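Work through the exercises below with the sequence and the model open side by side. Each one sets a task and is followed by a solution that goes step by step.

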Amino acid sequence: MAIQFTSHEVKDRLKDKRRLKGFLKDLFAAEGQGLKSLHYIFCNDAYLLEINQQFLKHDTYTDIVTFEMGEDPGITEGEIYVSTDRVEENAEKFGVPYEQELHRVIFHGALHLCGFKDKSKKEAELMRSKENEYLSKYFGA
């Protein structure tokens, strides 16, 4: 089971990657989802907009795009693209530290790969609750 973090044209600001990898493995196990491989790519708005346009046909900025690459629905092989520009802007907007917002987005992508959705109000509320649960566990709040 491999978890990777890569930066594409942005500064790597992720702290304690070893701890985060272990936590993500535990998140997948707690949600009953197998994990084969997971690759986070931290990038800028322009790069993620291209991905959003090319693969999802969305012409909007976003903080995250998640792709399930595997064929077995019970075993995740995923790629998650994160715009650090959006994370930074959202951290300022919501008055939270950058590190907290970055981890919210990291957990959000993992939860998508575990089967959680956020299209309806009810789904979005459950997703936010799960994000908060894992943020509390990770940061010990």
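**Exercise 1. Find which residues Asp 45 touches, leaving out residues up to four places away in sequence, and describe its setting.**

Solution. Begin with the contacts, that is, heavy atoms within 4.5 Å: with residues up to four places away in sequence set aside, Asp 45 touches Tyr 61, Thr 62, Ser 83, Asp 85 and Arg 86. Next, look at the side chain of Asp 45, which makes a polar contact with the side chain of Arg 86 at 2.6 Å; a polar contact is a pair of N or O atoms within 3.5 Å, where, within protein, one must be able to donate a hydrogen and the other to accept it, and residues adjacent in sequence count only if both atoms are side-chain atoms. Then place Asp 45 in helix α2, residues 45-56; helices (H or I, at least four residues) and strands (E, at least two) are DSSP runs numbered from the N terminus. Finally, Asp 45 counts as buried because its relative accessibility is 10%, where buried means under 20% relative accessible area, exposed over 50% and partly exposed in between, with a 1.4 Å probe and protein chains only.

The model is predicted, so local features need pLDDT of at least 70 and side-chain atom pairs count only at pLDDT 80 or more, whereas totals for chains, interfaces and linings use all residues. Residues are numbered from 1 along each chain as its sequence is written, and side-chain values use heavy atoms, with hydrogens and water left out.

**Exercise 2. Decide whether Leu 20 counts as buried or exposed, and list its contacts.**

Solution. Locate Leu 20 in helix α1, residues 17-30. Its relative accessibility is 0%, and therefore Leu 20 counts as buried. Leaving aside neighbours within four places in sequence, Leu 20 is in contact with Phe 5, Leu 14, His 103, Ile 106, Phe 107 and Tyr 138.

**Exercise 3. Work out the strand order of the open sheet and how its strands pair.**

Solution. The four strands follow the order β1-β2-β4-β3, with mixed pairing; two strands pair if DSSP finds at least two bridges between them. At the edges are β1 (2-7) and β3 (64-68), each of which pairs on one side only. Now take the pairs in turn:

- β1 and β2 (residues 34-43) run parallel and are joined by six bridges, with Thr 6 opposite Ile 41 in β2.
- β2 and β4 pair in the parallel sense over nine bridges, and Gly 34 stands opposite Ile 75 in β4.
- β3 and β4 run antiparallel, joined by five bridges, and a hairpin connects β3 to β4 through six residues.

**Exercise 4. Identify the residues closest to the centre of the largest pocket and the element with the largest share of its lining.**

Solution. The largest pocket holds about 700 Å³ of space. Of the 28 residues that line it, Thr 62, Ile 64, His 108, His 112 and Asp 118 are the closest to its centre. On a 1 Å grid over the protein atoms alone, a pocket is an open set of points with protein on both sides within 12 Å along at least five of seven lines, and lining residues have an atom within 4 Å of a point. Grid points are joined across faces, edges and corners, and a volume is the space filled by probe spheres set on the points. To finish, assign the lining to elements: α4 gives the largest share, six residues, while α2, β3, α3, α4 and α5 (121-139) each supply at least two.

Terms used:
1 Å grid on protein atoms, 1.4 Å probe; cavity = no way out; pocket = protein on both sides within 12 Å on 5 of 7 lines; lining within 4 Å.
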